[in-house]
Protein chains: 2
Amino acid sequence: MKMSEQRRTTIKDVAEAAEVGVATVSRVLSGTGSSSPATREKVLAAAARLDYRPSALGRNLRRRRTGGIGLLIPDITDTFYARLADGVLACAQSAGEPVMIGTTGDDPEREAELIGSLIEESVERVIAVPSGDGEMWGPAFRAGLDVVFAERPVRGREDVPAVVTDDRSGVRTAVEYLAALGHRRVAFLARHGQEQRVRAFREAMGTLALPVDEELIVRARATRDSAYAAAAGLLHHRSDLTAVLAGGNLLGEAAVLAARELDVRVPRDVSMIMFDDVPWAELCSPPLTVISQPAQDMGYRAAELVLRQGRRTRGVTLPTELIVRGSCGPRR
Amino acid sequence: MKMSEQRRTTIKDVAEAAEVGVATVSRVLSGTGSSSPATREKVLAAAARLDYRPSALGRNLRRRRTGGIGLLIPDITDTFYARLADGVLACAQSAGEPVMIGTTGDDPEREAELIGSLIEESVERVIAVPSGDGEMWGPAFRAGLDVVFAERPVRGREDVPAVVTDDRSGVRTAVEYLAALGHRRVAFLARHGQEQRVRAFREAMGTLALPVDEELIVRARATRDSAYAAAAGLLHHRSDLTAVLAGGNLLGEAAVLAARELDVRVPRDVSMIMFDDVPWAELCSPPLTVISQPAQDMGYRAAELVLRQGRRTRGVTLPTELIVRGSCGPRR
DNA sequence: GCCGGATGTGGATACGTTTTCATGAATCTC
DNA sequence: GAGATTCATGAAAACGTATCCACATCCGGC
């Protein structure tokens with residue numbers, strides 16, 4: 001609702017009330033330069049009395065940059081990205097920095113639009129889960145943005161710091177765990193863009209001398225429908241598989257759902273293991289064995305990186321952890 | 001990463017390139033006022049050639065307001081609020097408006113800080129799930145913000161439009177459903193701040209001539225730990241109850257978890273019904289019967305309201321829907 | 001007691017845009 | 001065809017801040 005428009009108190013008002021110049025007020029309030037204790041006191045008192053809040057608008061224009069950080073994620077509804085965003089917010093808010101958020105839906109075009117929007121707003125610091133390839137980001141770098149990638153790097157942009165999970169180690173742990181249970185026909189349910197994990201999967205299978213059947217590597221788009229279709233197709237047509245590794249919580253959800261729908265019993269008929277630990281993994285029956293990823297931490301670290309972009313910094317790789325619950329059993 | 005600083009192309013550059021005044025450029029580009037087709041053409045060509053993007057900074061300062069909308073939610077990790085945020089983002093992005101997001105953790109103090117931050121940034125339009133009472137919002141109204149509340153209204157601020165679910169109808173539907181199954185000892189697991197639903201619960205029970213036992217109305221804070229403690233306490237100490245109504249998905253999750261932990265079988269020992277439909281409700285066993293709320297729609301509607309705040313508008317109440325799955329059975 | 005440096009201060013400017021206002025040209029009206 | 005009206009246009013002002021620069025004051029050192 002709208003109230004009466006009353007002119008906002010500006011730095012000028014404070015200057016008059018404190019009987020000093022605006023420059024002095026600015027210096028005192030921003031802590032730059034020097035000022036005598038007496039005037040400092042006067043200014044502070046006047047500012048408090050008038051309930052003065054400096055306008056970010058004026059400051060931004062003068063500094064030619066908007067404070068705060070921009071955050072671009074594919075889907076806020078996916079708990080993984082929600083936790084990532086939560087980490088970013090935790091760090092940003094404790095630093096008093098506002099956060100501008102946008103969802104790309106994993107669509108490079110929308111990503112490009114959002115990047116443009118950030119440039120227009122002169123947001124200089126951006127954390128993004130990139131969906132497009134390097135060229136979407138050309139304008140961003142040309143505009144001088146400080147970018148940190150999260151979850152995935154962008155090939156061809158290795159110079160941009162990225163905070164990612166240790167995909168190779170995570171996948172290897174999962175595959176080794178399944179192999180130890182006797183599984184040989186392992187399927188990988190991946191999202192488009194998870195090529196890193198697919199490569200790691202092939203590598204891990206190879207290392208353990210397990211057969212890599214390319215038909216058991218299925219890709220889906222980042223929607224529930226697409227994930228379900230992929231999972232159902234896999235379970236329906238490939239009855240020789242004995243274990244499924246899902247590349248993310250959406251894929252895992254789809255796999256559990258499809259298994260139930262097709263009367264495939266877990267873990268008796270097929271074992272299941274999923275990337276990303278989520279609250280419902282404990283709720284479904286049997287509880288899901290997962291490779292947990294520190295999503296919130298990932299966001300927090302990315303925010304730290306982008307906030308102190310002073311010194312040249314390389315990316316961070318965060319560890320995964322195998323959490324054994326009840327969805328994997330010995331090969332039938 | 002940081003690239004070389006090159007002066008951003010301004011409206012002045014475009015004016016020179018097009019051999020017109022800056023005022024004309026502004027008019028053409030913003031579509032205000034009138035201009036001859038010839039000059040319009042020249043300006044557009046020059047702008048395109050220079051790849052000009054108007055700076056939101058300058059515009060904001062001139063207009064004395066930041067575009068876009070501020071969004072304040074308790075917890076982005078709670079899928080309900082994530083879906084709400086998703087709705088807001090969907091509407092805002094299709095209108096080309098940036099969104100500044102903040103999480104309050106249901107803490108009035110943090111909420112007040114975030115409100116202050118929004119005022120400082122001159123964000124004029126705000127959608128909020130309020131945690132504090134009316135007085136937190138005093139400064140916001142004094143600063144002339146356009147506020148729309150979501151999910152919950154604020155008592156004492158009935159003049160502020162609010163987009164809420166039809167709590168009374170939702171609760172009544174749930175209670176009637178349970179009553180029809182023969183349940184009489186029904187517990188309500190509520191979050192602090194859900195007093196509206198608690199009142200509706202008492203009312204519905206009364207209408208059906210069921211006993212209202214205040215000890216069966218339990219409140220928790222908005223964290224998983226608190227929710228679990230409340231649910232476990234309820235199931236542990238009150239073995240005479242035969243049905244539990246959870247006021248939100250966090251509470252429902254806790255109830256399912258606690259029931260499993262305490263070997264309480266659903267629905268044989270106790271029936272369960274939960275506010276808010278979430279993906280995992282279908283995954284757990286038995287699948288959870290829920291009162292679904294249109295969370296994403298709620299966000300979208302709130303965004304619509306706050307964007308066309310031209311004419312005085314009242315709030316919106318959205319309907320709920322009972323989705324029967326497998327977690328409710330006849331009274332044992 | 002004069003000079004050089006340090007220190008505190010305020011006037012003025014710039015940031016990039018939108019909008020008001022005045023001006024000149026073009027079109028219309030009777 | 002003269003006056004009235006519309007139309008397109010650009011110069012200039014404003015938005016609120018940070019910072020450069022010049023000035024004034026004060027101090028210690030010789």
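## Contact between the chains

In this predicted model, the contact between the chains draws 49 residues from chain B and 48 residues from chain A. On chain B, the side that touches chain A takes its largest share, 7 residues, from helix 5. Other elements of chain B supply at least two residues each, including helix 4 (56-63), helix 6 (108-120), strand 4 (146-150) and helix 11 (249-261). By type, the residues on this side of chain B comprise 24 nonpolar, 13 polar and 12 charged.

Strands also link the chains. Strand 2 (residues 99-103) of chain A and strand 2 of chain B run antiparallel and are joined by 3 bridges. Met100(A) stands opposite Met100(B) in this pairing.

## A buried residue in a loop

Ile76(A) lies in the loop between strand 1 (66-73) and helix 5 (79-94) of chain A. Is Ile76(A) buried or exposed? Ile76(A) counts as buried because 25 C-beta neighbours lie inside 10 Å, and the cut-off for buried is 20 or more.

Beyond its neighbours within four places in sequence, Ile76(A) is in contact with residues of chain A, among them Tyr81(A) and Thr103(A), and with Ala82(B), Ala85(B), Asp86(B) and Leu89(B). The C-alpha atoms of Ile76(A) and Gly105(A) are 9.0 Å apart, although 29 residues separate them along the chain.

## Two packed helices in chain B

Helix 2 (residues 22-30) and helix 3 (residues 37-50) of chain B pack with their axes 10 Å apart, at an angle of about 85 degrees. The two helices of chain B are therefore roughly perpendicular to each other.

From helix 2 of chain B, Thr24(B), Val25(B), Val28(B) and Leu29(B) meet Thr39(B), Arg40(B), Val43(B), Leu44(B) and Ala47(B) of helix 3. The residues of this contact divide into 6 nonpolar, 2 polar and 1 charged.

Terms used. Residues numbered from 1 in each chain as written. Chains lettered and ligands numbered in written order. Predicted model: local features only at pLDDT ≥ 70, side-chain atom pairs only at ≥ 80, totals over all residues. Axes fitted to C-alpha atoms, helices over the stretch in contact; angles between N-to-C directions. Helix = DSSP H or I, 4+ residues; strand = E, 2+ residues; numbered from the N terminus. Parallel < 35°, antiparallel > 145°, perpendicular 65-115°, else oblique. Contact = placed C-beta atoms within 7 Å. Nonpolar A, V, L, I, M, F, W, Y, C, P; charged D, E, K, R; others polar. Buried ≥ 20, exposed ≤ 12 C-beta atoms within 10 Å, placed from the backbone. Pairing = 2+ DSSP bridges.
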